[in-house]
There are 4 protein chains.
Amino acid sequence: MNTNAVDANHLRAFLERIERLEEEKRAIADDIKEVYAEAKGTGYDTKIIRKIVSIRRQDAQKRAEEEEILELYLSALGVE
Amino acid sequence: MNTNAVDANHLRAFLERIERLEEEKRAIADDIKEVYAEAKGTGYDTKIIRKIVSIRRQDAQKRAEEEEILELYLSALGVE
Amino acid sequence: MNTNAVDANHLRAFLERIERLEEEKRAIADDIKEVYAEAKGTGYDTKIIRKIVSIRRQDAQKRAEEEEILELYLSALGVE
Amino acid sequence: MNTNAVDANHLRAFLERIERLEEEKRAIADDIKEVYAEAKGTGYDTKIIRKIVSIRRQDAQKRAEEEEILELYLSALGVE
DNA sequence: TCAGATAAAATCGCGC
DNA sequence: GCGCGATTTTATCTGA
């Protein structure tokens with residue numbers, strides 16, 4: 001088996017891993033859609049739920065960034 | 001426990017399911033990034049791999065659509 | 001002057017407007033870079049400044065989203 | 001007013017300049033979006049317009065690079 | 001089914 | 001030159 005064949009197999013392995021993961025990701029996206037559909041069927045306004053989820057996500061991000069900048073401040077002050 | 005409280009719990013349950021799923025989705029997205037990083041470390045050009053993945057995804061969609069239309073034809077012909 | 005020629009002129013006008021605006025945008029991006037460079041020259045850590053800017057931007061976005069969801073709530077309650 | 005206060009004011013000034021510029025940049029980005037919307041309303045396919053803009057931008061870059069290399073040649077020949 | 005909004009992927013550009 | 005963040009482009013999704 002020559003080098004190109006080996007490379008091809010190697011590349012193929014990467015492609016398969018990626019495509020496998022992307023499929024899983026798509027499946028989860030579908031699950032999320034289903035939850036929204038279920039919530040809607042229960043009488044909730046999905047637009048509001050999406051907004052709440054979005055705000056909570058931003059909270060988490062903001063908290064993470066604030067911790068990060070605290071690290072930067074401490075590091076800048078030589079407190080490491 | 002009044003109705004609003006019940007609703008709040010119900011809503012909370014939906015939020016938790018969604019956020020749990022979104023976290024899983026993010027984790028998988030990170031895994032994908034890692035695979036690309038590993039491929040890059042092995043000497044592959046990630047831009048090319050992305051192109052290949054994208055093309056194969058399109059192929060898969062095309063195949064699915066063609067099967068779908070074949071079903072439609074067969075169904076129209078009463079061959080179901 | 002036929003229709004195609006008219007269309008071509010119309011399209012050309014759109015292209016010119018877009019390209020003019022993009023040039024302005026690029027100029028402003030350069031200005032921002034210069035401010036960072038100046039701040040760095042004054043002894044500031046640009047990484048920290050970027051982080052502060054980012055956090056403040058998120059604050060603004062979050063505030064906007066919270067107002068938006070308040071509207072949604074009020075609207076859902078029939079208080080419009 | 002102690003040194004920290006002075007620094008704080010200095011930093012604040014940088015932040016304000018940056019945020020002012022970023023706001024202008026965002027405004028221009030919005031203008032661009034509006035032009036695309038207008039073009040779409042006039043019946044143009046924005047995807048195609050984006051492609052044209054992109055190609056023309058590449059042409060411009062190419063031309064700039066060619067001029068640059070011409071300068072280098074001339075300079076190497078002592079024709080400055 | 002379509003436009004408009006939202007989110008994801010790809011690309012670009014910067015600082016280190 | 002590489003990672004990383006921002007931007008931009010593409011794809012997906014929802015509600016009318």
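Helices (H or I, at least four residues) and strands (E, at least two) are taken here as DSSP runs, numbered from the N terminus. On that basis, α1 (3-41) and α2 (46-76) of chain A, together with α2 (46-76) of chain D, each supply at least two residues of the surface near DNA strand F, where a residue is near a molecule or strand if one of its heavy atoms lies within 4 Å of it. This is a predicted model, in which local features need pLDDT of at least 70 and side-chain atom pairs count only at pLDDT 80 or more, while totals for chains, interfaces and linings use all residues. Residues are numbered from 1 along each chain as its sequence is written, chains are lettered from A and ligands numbered from 1 in the order in which they are written, and side-chain values use heavy atoms, with hydrogens and water left out.

**Surroundings of DNA strand F**

- DNA strand F is surrounded by residues of chains A, B, C and D, among them A:Lys33, B:Gln61, C:Arg57 and D:Lys25, and sugar and phosphate account for 100% of the atoms of DNA strand F that come within 4 Å of the protein.
- The residues of this surface divide into no nonpolar, 2 polar and 9 charged, with Ala, Val, Leu, Ile, Met, Phe, Trp, Tyr, Cys and Pro counted as nonpolar, Asp, Glu, Lys and Arg as charged, and the others, Gly among them, as polar.
- A polar side-chain atom of A:Thr46 lies 2.6 Å from a phosphate oxygen of DNA strand F, and for A:Arg50 the corresponding distance is 3.4 Å.
- In chain D, a polar side-chain atom of D:Arg50 lies 3.2 Å from a phosphate oxygen of DNA strand F.

**Chains A and B**

- The same surface serves both copies, since 100% of the contact residues of chain B recur in chain A, contact meaning heavy atoms within 4.5 Å.

**Chains C and D**

- Chain D is superposed on chain C by a rotation of 178° with 0.3 Å of shift along its axis, at an RMSD of 0.9 Å.
- In chain D, the C-alpha nearest that axis belongs to D:Lys25, 2.8 Å from it, and 100% of the contact residues of chain D recur in chain C.

**Chain pairs without contact**

- No contact joins chain B and chain C, whose closest C-alpha atoms lie 13 Å apart.
- Chain A and chain D are likewise joined by no contact, and their closest C-alpha atoms lie 13 Å apart.

Notes:
Polar contact = N/O pair within 3.5 Å; in protein donor to acceptor, adjacent residues only side chain to side chain. Least-squares fit on C-alpha atoms with pLDDT ≥ 70 in both.
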